[in-house]
Amino acid sequence: MFTNVKTMLILLMILTNYLTIMRPLPIPIICLLLLCSPLFSLAQTEINGSVKNADNQPLPAVSITVKSSGRGTTTDNNGNFKLSSHAKPPLTLIISSVGYALQEIEVTNASQPVQVTLVNSNSLGQEVVISATRTPSRILESPVTIERVNAATIRNSSAAAYYDIVGNLKGVDLVTASLTFKTPSTRGFNKSGNTRLNQIVDGMDNQAPGLNFSLGTVVGLNELDVESMELLPGASSALYGPGGMNGSLLINSKSPFKYPGVSFQVKTGLMHTDGRTREPSGYHNWALRWAQKIGEKFAFKIGGELIQAKDWVGDDYRNYKRIATVGEVIPGTRETDPNYEGVNVYGDETTVDIRKNVLDPIAAAAPFYAPYINALPAIINVSRTGYTENEVVNPNTVNVKLSGALDYKITPSLDFIVSGFWGTGNTVYTGSDRYSLKDLKMGQYKVELNNGNWFIRGYTTQENAGQSFNATVTTRLFNEAWKPSGGPTGWYAQYSQAFLKNKLSGLSDIAAHNEARAFADSGRPVAGSQEFKQLFDKVRSIPIVKGGGLFVDKTNLYNVEGQYNIATQDKGFADIIIGANFKKYVLNSEGTLFADSAGTIGIDEYGGYLQATRSLLNDKLKLILSGRYDKNQNFDGKFTPRLSAVIKVAEDNNIRLSYQNAYRFASTQQQWINLRVGTGVRLLGGVKALQDYYNFSSNPVYEIDNNIFSGNPTQRFFPKFKAETVNSFEAGYKGLVADKKLLIDIYGYYGIYKDFIARVNVAQSVNGDKSVFTNPATVQNNLNDPALVNLYSVPINISSDVKTYGYGISLDYSLPAGFVVGITASSDILSDVPPGYVASFNAPKLRLGASINNNGFGHDKRAIFNVVYHWQDDVTYEEDFGNGLVPAFHTLDAQVGYKFPAQKLLVKLGANNLLNQYYRNAFANASIGGLYYVSFGYNLY
Amino acid sequence: MNQSIIYKSLLKFLTTAIVIISITACNKDLENAVPIDAPGTGGATQTLAEFFATDTNYSFYNAALTKAASFGLAAAFNNKNSRFTVFAPDNNAFRRSGIPSAEVITAGFTAGQLDTLLRYSLIPGNVYTTGNISATFPNEQLPSNLTAGPIPGTILPFNLSVYPSKSATGFYLNNIPVVAADNILSNGVVHTLAAIVLPPSKVLAELIYTNDTLTLFTALIMKASSAMPADASFDYYLKLPVANFTVFAPDDEAVKTLISILTGGQIPVQAPEAVFLNFIANMLPVQNAQGIVAYHILPSKAYSVNFPEAATYFPTLLNNSVQAHPGVQVDADFTGPFVSGFKVTGVGNQGFASNVTSKDINAVNGVLDIIDQVLLPQ
C-alpha cells in the first residue's frame, strides 16, 4: 500500500515540477516515466466467470467490478470474464448491465468459476454512481442528491443533443445561447457559461481557462462515447475543488475494453420550419465511434462528431435602456425612438447627444437659428443604426469533435491511459456581450495511470479563441469604419444637419429623425452584400486592443492530480480517500481580454482533500466526512468540509443529510479581465493591480446608485478580494416503495452565500473633477459621456449574506410492459440580496416536468418511445448583457423508435419543442423553435 | 390486463395529452418591440388640411393652398407627421389686405407667388402656442418655411425669419396682429392674422438706396462707410441678409434741414440736391456722417408693434462706440392691437420727436421706418 502512495506522490511531484517549469506538456517523457516504473508487481487473485440472461444467452459487455475497489472488467462476446484483484477472497462482485437488474455476488473461493444470470429489468433506482463519493455506490444510498443519465437513457431520449437531457432533470436550468452552446446550472445563478457548476469530462475540468465557460457541448464527448452523466446539484467542492459551488456535472466516456466495436449515428433534421427567423434549414448530426481491443492488454478508441445547422437566432428587438451594465426594456422601435437600442441589435450602442454636440454649435454659428434650436429638447440622444444579430453573426453553426484514447493495461488492474479531446466550431455565447465564437478551438489532453484504488493524472486544456469576435463591439466598429461618428462630415454631423433641415421643412421630431437617419445612412452597406462582408471581416479580424473586434485568447491550463483510496474499513476504521492537485493557468489574450498586453499572466492553485467513510449500526448509518484545502496565489487559502450521513430507514429507503461548505475562487476573468465592452463600461478583474493601474486611490471612483443620480455621489472603496463560499444544508430521501414500482426522490436545501461575488458599477471622472457627478440634472448624461467619465464594473464580495433555498421532488412509476411515467417539481429561491447588487440568480420559482418512457415494447420489444414535458415559471433575468423578464414557457419533446436487432439498427423519429412555440430560456439569448429529426443508429450500446 | 390494451390506452392518453397541451397551453408569443406613439398635438384629430378645407372663414386661404398645391404645402398640411405653426389670414384679413375674393387669389397670382406667401407665415417643425412665445423685446426670431437657398457649405436651407412677438398690446407676427390664437389641430396650430404678412424680398440697403426720398441718407451711409473696412461698414451690414436692424431713415427734406442748419443757412433748404450731395461727399467730416448714420440704426429688428406705449430709450449702433449713450426714445400709440402713432426722439432734438411717416417696411435683414427729422445724438 505504501509503495503505491509513494509512487503516486513521486509522480505527482515530477509532473508538478515539469508543468511548472516547462510547457506544453512533454507527453512522451511522462509516458516513459510512467512506463518504466518497476513498482507495479503485486500478488493477484484471478476470478473467472460467465454471465447469461434468463434465456441462457451469453451477455457481452457486462460490467464486473470488485466492490469498494473500483477494479473491474467486462464480459467478452461469449459472456465470459476474467478478473484480477490483489485483494483476497472473500470479495463482492458487482455485476451490472444496461437493462438488467444489478447483482452482487459474494466470492469466497477464487478457483471456482462464477456463474451469473441477469434478469431483465426496468426496475428503478438500481444504478451505481461514482461521483457522490468518488467511489461506486448505489444511487439509492448516495449521501447527496445525485442524478444519473446513462447510455440507455441517451439512446432512448428524444433530445437531439445529449446535453439537453440534463436540462430536463429536476432542479436544472439550461441556458441556450445557441444551438450548440448550452449551459446547465443547478441551484440558480444561471448564465451562459456558468462558473458555479463544474463540468468534468473523464476527470478533466471542461472549463475553457480564459473564456471561463464550460465547453462540454462544443469540445467534449461525442454522444456515442458517453457512458454516463452524473449530476451533483448543490455544493460539491469538498471533492471536486474550487468551483462547484452550485454543483458538478461529471461525464464519463466508454472504456474501449468494455465497449469495443464500431458504432455510428446519423441524425438529420429540420429547423426553422415556420421561417420565423430563417428559411427552413437542415440539422445534421453525425457521430462515429470505433473502439478496438488488441489482445487483453491494449485497447484504443477514436470518435468524431459533426454537427451542422443554421443556428437559432437572438431576435429580441425590443428597445433597451442602458445605464452602465444595468438597464431595462423600454418601449420604442427603430422607427419611433431615435435612441433605440435593440437587445439583439448591435452597433446601436453608440449614442450621442446631438443637441449638445452638433446642434448647439450650429446655433452658435447661425444665430438666426439659435432661438429655434434652443426650443428643441435640451437633450437629443441619437443612436447609430445597428444590424440585427442574424445580419452579423455567421448563421452556420458547425461543431467538430474529435477524440481518441489509448488504454494499456500494465497489469490487469492498472491502466495507463492517454486520451485527448479536440473540438472546433462556430457558436454563439452570451457574456457581457454576445460573442460569435468563430473557429474556436479547444483541446484537452490527458495521461492517466489508474489502478481503481488510485489514480494519477495530468492534463492540459489548450484554448484558442480562433476568430471569435464580440458582436457588439465589432458592429460598432464596423459602423465607424464605414462612416465615422465624429468630425465635420461624420455620421452625426450629417444626421444632425439633416435633422434640422427636416425640422425646417415642417416635420415632427420623429419624422425628422427618421429622414435624417435615412440621409446619414445612405450608402450604408446592406447586410450580406459583398461590401458589408469585406468591411466586416476586416474589422472583426483586428484584435480588440488594436481597435478591432477580434478576441485573442490562447489561455492554457495545466493540471495534475492524484487520488488514493485506502480501503481500511475492514480493518475497523473507515474507508479513506486522499487526493491532491496542482493547477496552473497561463492567461494569454495579448491584451484583448486580460490585462496581459505586457505578457502572459500565471495563476497557481493547489489543493488536497481527504474523505473518510464509516458504516455504523449494522450498516444502518453511514457517515462520510470530507475536507479539502485549496490555495490560489491571488486569494487566501480555503478549507472546506463536508459532512454527510445516509440513514437506511428500510431496505432501498434512505434518508440523506449533509452539510457542505463550498467555495470558488473568482474565475480567471473575475481576477484579471480588463475589457471595455460594447456599452462603454470597462470590466475589471478584482486584483488590486488593476485598481492601481486605473488610479482608484488618487482619482476616486463613485458608486453608480441612487445617490449619484441625486447629485450626492459616494466614494467606493475596494477591500481585499476574497473567495466566495456557500454553506449548504441539505436533507433528502430516496426510496423505492409500492412493490419497488415507485421511485421517490426528494430534497430540500438551504444555502448561505458569504462573500458572494457580484459586480458593482462605479464611475470615475476623467479629469478628477467630482463636480461631473454632483449636478442631478446632468449626471446621467455625464455618465454616458466617455470624454468626462470612465465607467468600471468591478467584482466585489457582498459583505452581507445572500441566502438561497429550494426543493426538488421526482416520482417515477414503473407500469407494466416497460412503461415508466415520471413527474418532477423543483424550486429555487433567492433571498436577502442587498439593494443595488446584480445577483444574477436567474432561476425560476417553479419548474414542472412530466415524462413517459418505454425502452422496449411491442413485437419483440422492438419499439421505443419517450415523451418529456417541461414547464417553468417566469424569471427576472439579470446578466451583464441585459436584464429583463423571461416569460414562463413549456416545451414538449418526443421520440418514437424501432430497433432492427439483426441489423443492429435503431431508427428514431424525434422532435424537440414539438409544438414549435418559440421560447427563450435566458434574456437576450437565442429564441428556440422546433427541431425535428430522424436518426439512424448502428450498434448503439 | 392485456399488454396491447395497455399500450393502446397509454398511447391514446399520450396523444390526447399532446393535443390538449398544444391547444390549451401555448407559450406566450415572445414580446416584440413596442412603438412609441409620437405625441400628437393636444389630442386633436383634425389636420391642418382638413381644417382649412372645412372652415369657411378660411376659404380664401384654402383657395391659395389649393392653387399652390403643386409646391407641396397642401400635402404637408395633410401629413400627420408634419408640425407647423400656421399664421393664417382669414377671409376678412385678405379683404383688409385688398383681396376681395377667392377668385382674385386664384386668378391674380401664380402658384409660386401664393406658395411663397403661405410659407412665409409658417414656423415649420414646431407648434408654438401663445405660451411658447417670448415677451422679450423686440420679438422672437424664428425660421419661416420660406427658403432662400442653401447655407453655403451645408445641406441646411436658409429660411427667411419671421418675428412673432407677444406684449401687453397683443400677439403679432412681424407687425400684423393675431386676432385669434391657439387653434390646436393634430399636426399643428393655427393663429389667425388680421392681415396678410408679406415676405420681404430685399435687403435694407436695396430698399434705402432705391428709395427716391432717401437719396441724401444713402449718401450719408456711403460717406460713413468710405472710412470703414469693407466687411464692417454700414453698407456691408445693410446688405448682409442674416443681419437684423431697425433703420429710422430720415427723408431728404429732413437731411436738407439738418445741413442747412449745420452750414448756418449757407446752404438753404431750397438748394438743388447736388449741392447737398456735394456737401456730404466733400465737406461733412466722416466721423459726423458715421455718427449720424449709427444713431439711426437699432441693432435688432423691431416692428412698430414691438415698441411700448410709454416712451422708452433704446440703444443704437452709436452705443458701440459711445457705450454710455442713452440711445433714442421710441414710443408707439395703440388702438387695440394696431399702432396708430409712432414717434422717435433723439437726445439732441430738444424734445422734438421725429414722426414715422412710413413704418414697418419689411426687409430681409431688418425693418425700415422713414422719419421726417434727423435724430441728433447730442
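Reader: Before we start, what does "buried" mean here?

Author: Buried means under 20% relative accessible area, exposed means over 50%, and partly exposed is in between, with a 1.4 Å probe and protein chains only. This is a predicted model, in which local features need pLDDT of at least 70, side-chain atom pairs count only at pLDDT 80 or more, and totals for chains, interfaces and linings use all residues. Residues are numbered from 1 along each chain as its sequence is written, chains are lettered from A and ligands numbered from 1 in the order in which they are written, and side-chain values use heavy atoms, with hydrogens and water left out.

Reader: OK, are Phe889(A) and Tyr919(A) buried or exposed?

Author: Both Phe889(A) and Tyr919(A) are buried.

Reader: And how many aromatic pairs are there over all chains?

Author: The search of the whole structure finds 56 of them; rings of Phe, Tyr and Trp (its six-membered ring) pair if their centres lie within 6.5 Å, and planes under 30 degrees apart count as stacked, over 60 as edge-to-face and the rest as tilted. The rings of Phe889(A) and Tyr919(A) have centres 4.4 Å apart and planes at 15 degrees, so this pair is stacked.

Reader: Which parts does that pair tie together?

Author: Phe889(A) lies in strand β50 (residues 889-900) of chain A and Tyr919(A) in the loop between β51 (905-912) and β52 (931-938) of chain A, so the pair ties together parts that are 30 residues apart in sequence. Helices (H or I, at least four residues) and strands (E, at least two) are DSSP runs, numbered from the N terminus.

Reader: What about Phe307(B) and Phe314(B), stacked or edge-to-face?

Author: Their ring centres are 5.1 Å apart and their planes are at 85 degrees, so the pair is edge-to-face. Phe307(B) counts as buried at 2% relative accessibility, and Phe314(B) counts as buried at 9%.

Reader: Switching topic, which residues have the most contacts inside the largest nonpolar core?

Author: They are Val247(B) and Phe248(B), in a core of 129 residues. Helix α10 (residues 491-504) of chain A gives the most to this core, with seven residues. A nonpolar core is a set of buried Ala, Val, Leu, Ile, Met, Phe, Trp, Tyr and Cys residues joined through side-chain atoms within 4.5 Å.

Reader: So what is Val247(B) in contact with?

Author: Leaving aside neighbours within four places in sequence, Val247(B) is in contact (heavy atoms within 4.5 Å) with residues of chain B including Leu204(B), Ile208(B), Phe217(B) and His296(B).

Reader: Now chain A, where is Leu179(A)?

Author: Leu179(A) sits in the loop between β11 (172-178) and β12 (181-186) of chain A, and at 7% relative accessibility this leucine counts as buried. Not counting residues up to four places away in sequence, the residues that Leu179(A) touches include Met271(A), Trp312(A) and Leu931(A).

Reader: Which residues have a positive phi although they are not glycine?

Author: One of them is His272(A), with a phi of about 55 degrees, in the loop between β17 and β18 of chain A, and another is Asp739(A), with a phi of about 60 degrees, in the loop between β40 (724-737) and β41 (742-754) of chain A.

Reader: Buried or exposed, those two?

Author: His272(A) is buried, with a relative accessible area of 0%, whereas Asp739(A) counts as exposed at 66%.
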